[in-house]
Amino acid sequence: MSKCLLCPAEITTENDPNEHLILNAIGGRRIVRGLVCKSCNNATGHQWDTVLSTQLLPLILMFHVFRQRRSAPPTLPVTTTAGEQVTINLDGRLTLTKPKFETALTEDGKTSYQLAARTMAEARQMVMGLKRKHPEIDVDAILAQATLGESYLEGAVHHDLGVGGELAGRSMIKSCVAMAFESGVPLAFCGLAIGYLTRPDGEPCFGYYHERDLISDRPTGTPLHCLAVRADPESGLVLAYAEYFGLHRIVACIGERYSGPVIEQAYSIDPRDGRTLSLGVNLAFNRTDIRDIYDYKRTSSAGLIEAGDAILGPAFEQARRAEQERVAERAVRRAFDTCGAEPGEVLTEEHAKRIARTMAEGIAPYVLHRLRPIRR
């Protein structure tokens, strides 16, 4: 039996929840026991963790991160720079955020309707709505003329990849304390973090850090999550590190009166598959370093951009290759399916011409899209 980190409740087998070391919503797997009670787990999950995971949602979707038990994250509605309203799904597909319904007057003064639906069922519902106004409409005839298609966006998708604010900060520090607790640091030595987490006016005990890479042997292009702790009796400091998607990095001082044995532990995973990574983290900071970190002297936009390039660059290239392969495979399949040759039949010159023409038509939208000026 132990006491809850955040309230006076005793933790028993009945109220010891599945508190994740790294948020389940961003790909965490490992469970911490005996840290918080079920009530505090639920409250902080809604109030703190949801804020952080919402801020990280663009990266969750970009890297196709499933939660434990393969549950999918929320979709993300966005508006492009050209005003297009689309929704990003976990598999990277973009769909219309809502159906389009436009009217226009023709040259002879009649009204024309243009509909764009996400599914045929939705299209039928929209046409049925028109039929109530125009009983003469033949719903089946109109739907028979409908086509399913896809196109590339005219505008660019813009994401705010920033993480911050009081609630997200509390979520990150809660994970840092959980890492210290799992590593054998008694909670009595985590007073700075506990004060921050339990008091509404608690002083934040962390700062963002991008001066240098604290992880040794970082795997190239991996959007890893990392938690680390270093408890040093000589300085009395209990330091922690949290990194999400290889991009957002904080250093925290969660205690300053430590008197136990030296403890250094790190836990890293690839959130795309939950695979544990064996990495070291250098947390050799003194009190002056910590003050500088808190005063934003150890982070910079240049360092943040460098960290982002190392992760986002490979992700964009992988997405480009995947789309190129998808377009080519679909164009080839359609070309052979529509060339007029039967299975097993020797292709004639006419068949070959049809195949080449159909393939060119199939890949043309992709090629034209790639030739457009691209702004990073």
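Two strands count as paired when DSSP finds at least two bridges between them. With that in hand, let us walk through this predicted model, starting at a place where the rule applies. Strand 5 and strand 6 (residues 85-88) are joined by four bridges and run antiparallel. If you look at Leu 76, you will find Ile 88 of strand 6 standing opposite.

This pair belongs to an open sheet of three strands, ordered 5-6-7 and paired in antiparallel fashion. At its edges lie strand 5 (76-79) and strand 7 (94-96), each of which pairs on one side only. On average, neighbouring strands here are turned by 40° against each other, direction ignored.

Inside it, strand 12 (residues 225-231) and strand 15 (residues 263-270) run antiparallel and are linked by seven bridges. One place to look is Ala 231, whose bridge partner in strand 15 is Ile 263.

In general, two packed helices are described by the angle between their axes and the distance between the axes. For helix 5 (residues 166-182) and helix 6 (residues 191-198), the axes come within 10 Å and cross at roughly 145°. The crossing of helix 5 past helix 6 is left-handed. Which residues of helix 5 and helix 6 meet? From helix 5 come Glu 166, Gly 169, Arg 170, Ile 173, Lys 174 and Val 177, while helix 6 brings Ala 193, Tyr 196, Leu 197 and Thr 198. The residues of this contact divide into five nonpolar, two polar and three charged.

Is Asn 41 buried or exposed? Asn 41 has a relative accessible area of 16%, and buried means under 20%, so Asn 41 is buried. Leaving aside residues up to four places away in sequence, Asn 41 touches Pro 17, Asn 18, Glu 19 and Val 36.

Note on methods:
Residues are numbered from 1 along each chain as its sequence is written. This is a predicted model: local features need pLDDT of at least 70, side-chain atom pairs count only at pLDDT 80 or more; totals for chains, interfaces and linings use all residues. Side-chain values use heavy atoms; hydrogens and water are left out. Axes are lines fitted to C-alpha atoms, for helices over the stretch in contact, and angles run from 0 to 180 degrees between N-to-C directions. Helices (H or I, at least four residues) and strands (E, at least two) are DSSP runs, numbered from the N terminus. A crossing is left-handed if the near helix is turned anticlockwise from the far one by less than a right angle, and right-handed if clockwise. Contact means heavy atoms within 4.5 Å. Ala, Val, Leu, Ile, Met, Phe, Trp, Tyr, Cys and Pro count as nonpolar, Asp, Glu, Lys and Arg as charged, and the others, Gly among them, as polar. Buried means under 20% relative accessible area, exposed over 50%, partly exposed in between (1.4 Å probe, protein chains only).
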